[in-house]
Amino acid sequence: MKDSIAEEHLYLDYSHQCRDSIFPLHTSISLFLLSYCDCKLFKVFLVPAREDVDDQFVTKNLLGDLEVHLISRCQLPAVVQSCCLPAVVVKDGKFCRAGLSVVLRHIIQKTYEADPSKKDVLELLGFKKTCLKACAEVSQWTRLCEISIPLAVEGFLTASPEHCQTIPPDILQLERKLGEPVRVHNDDKIRRQKLQQQKASAKAMVPVLGEEATEAGTAMEMHEHPLPSLELSMAFSKLLDQEVSEAVNREAPHIRRTKTSDLPLLDHIFAEGLYFTLADIVLLPCIHQFLISSKKQGKNLVNLPLISSWYQRVQEVPGVKKAAGKCNMELLQLPELVSAPHEELQNFSSVRDELEKENEDSHFIGGPRPTMTKLMENGIEAKFSPHPCPNWILDWTNLPSAVNPGEGRMSRDRALRKQQQLNNLVAAVTKLAKPGDVIVDFCSGGGHVGIVLAHMMPSCQVVLIENKELSLIRAKDRSDELGLNNIWFIQANLDYFNGTFNIGVALHACGVATDMVIEHCIKARAAFVISPCCYGFIQNTVKFKYPRSHQFKEILSYKEHMILCRFADQTAVQLPPERRLIGKQCMGLVDLDRAWAAEERNYSVQVLSMEPESCSPKNDMLVGIPT
């Protein structure tokens, strides 16, 4: 085990204890992962919601062998006070990781770094290490695991008896997900193996003529004690670090010739498919509490056969029962359930992901001209305000090399364009900022904007927020080289930042991220300087519906607005000039809709073109000031 791992502090909310779990459930989930990983790398702090919490009771009675300390919210490091918990920060450092998925993934990575023999812990991150990596605003699966189910269970536990008679929709959604076919890397090969196993099992159960009695008895015995499914064998072979038998791996010629469309589908063994991942760790404490409450109320779980089977199966994973014991979780043993009759499940089967349905309906054929014409007939067309300081540029030659975006892997041409983009944003922020202001660089990436701002405005506090760890680490390294003391780094999704600030800035915030940044700024009554990007990725989400403004909603449907968004991405330099012009107009219309939506909430907003326009195909810039 490595000894040079810097101590990090993990901060968790504490509201109350119910039965064998600590609430909110995000805290129970974090503690369960620490126990499963047998991780002692973090100094753990509980942050009580009230001041009358009994320190001795919490630390001795609830947390098994894990050493935990209590700390008041006002004692939290300043950077942590700007974030929703859970959060991790290096002791006395300025680099914070916040939000359940980000923190859990970090715990896994640090555990493996400290002890590379714990490969089973690293495997929790799944294929290509992407389990729960996508933010909840764009990934419905991350939202379900990280937000929806914990909140649904907490609501279920606190509801009055008359309001907890029905199963929460998010639990039913999980049941539906567990019933969907599994899609995994190289699943064609696995499905062929499953077909081979099915044919072998069927052949073994057919009695041979003349030996009916003996063979029938054997067949009956096999039916009563069936072989484990291929999926189950593969899942637990991986957990136990065993090889799947060669008999399963070899395919008969007629199996190899079977069409892919005729192959059997794969069934869920765990939450994300065949293999045990972080998603199962997240869901277990939540479903455990739901099942305990349901059992106490005498509820029939016939509508949840897949969740019940999953709950039992997870308990067989090596280390799960031990971790549960450390957390004082008394796991239940449930009877095997069969699926309910169709009529009993009709409410469940009607559960439909409305966002999925809306976005399926947004597909279109045709160009943007009819939509643009419709807007023009109503007096709406793209308008760009004059640039307030078109000739303002930074003296890049006299700035330290670590400030310059060209210091890295960029080509000379790309570095020049990045400098030009930064000239525009820094000029706009400089005009708005006052000494003592807090400036937040949202979707900061490698810190190109935030580091320039921190260097140019030492009297302001700059906060970089980014969900990609490696990008933020590169930014931190550049900041350390410059010796900047007025900068914080937060690895988190935007929703987990709740600090106060004066100016929000974002360079090329992708798709819906632009609207998320604008929303954060409006809630904080902060000015914003934003350059949008990736218009084609815009679509309705849980929080954002399009069009955004009342004026556009009265004229355009969601589908028509999506046409503008898709063609707003048609601005690449290699495209014909006429198409680029149409793309620029579509960009302007999409951003005009955003500007008007902000103005409806007492903002003054200008839509500008960056100078020179050749600095980027996505050269719009929104500057908003609260009125």
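How many of the 7 residues of strand 4 (residues 42-48) are buried? I started there, keeping in mind that the model is predicted.

**Entry 1: strand 4.** I looked up burial along the strand and found 6 of the 7 residues buried. Buried here means under 20% relative accessible area, so strand 4 is largely enclosed by the rest of the structure.

**Entry 2: partners of strand 4.** I then checked the pairing. Strand 1 (residues 8-14) is joined to strand 4 by 7 bridges, and the two run parallel. In this pair I noted Leu 10 opposite Val 44 of strand 4. I also found strand 5 (residues 68-70) joined to strand 4, by 3 bridges and again in parallel. There, Leu 46 stands opposite Leu 70 of strand 5.

**Entry 3: helix 19 and helix 20.** I turned to helix 19 (residues 412-432) and helix 20 (residues 448-456). Their axes come within 10 Å and cross at roughly 50°. An angle between 35 and 65 degrees is neither roughly parallel nor roughly perpendicular, so I recorded helix 19 and helix 20 as oblique to each other. The crossing of helix 19 over helix 20 is right-handed.

**Entry 4: residues in the helix contact.** I listed which residues make this contact. From helix 19 they are Lys 418, Leu 422, Leu 425, Val 426 and Val 429. Helix 20 contributes His 448, Val 449, Val 452 and Leu 453. Sorted by class, the contact between helix 19 and helix 20 has 7 nonpolar residues, 1 polar and 1 charged. I put Lys 418 down as the charged one and His 448 as the polar one.

Notes
Residues are numbered from 1 along each chain as its sequence is written. This is a predicted model: local features need pLDDT of at least 70, side-chain atom pairs count only at pLDDT 80 or more; totals for chains, interfaces and linings use all residues. Side-chain values use heavy atoms; hydrogens and water are left out. Axes are lines fitted to C-alpha atoms, for helices over the stretch in contact, and angles run from 0 to 180 degrees between N-to-C directions. Helices (H or I, at least four residues) and strands (E, at least two) are DSSP runs, numbered from the N terminus. Angles under 35 degrees count as roughly parallel, over 145 as roughly antiparallel, 65 to 115 as roughly perpendicular and the rest as oblique. A crossing is left-handed if the near helix is turned anticlockwise from the far one by less than a right angle, and right-handed if clockwise. Contact means heavy atoms within 4.5 Å. Buried means under 20% relative accessible area, exposed over 50%, partly exposed in between (1.4 Å probe, protein chains only). Two strands pair if DSSP finds at least two bridges between them.
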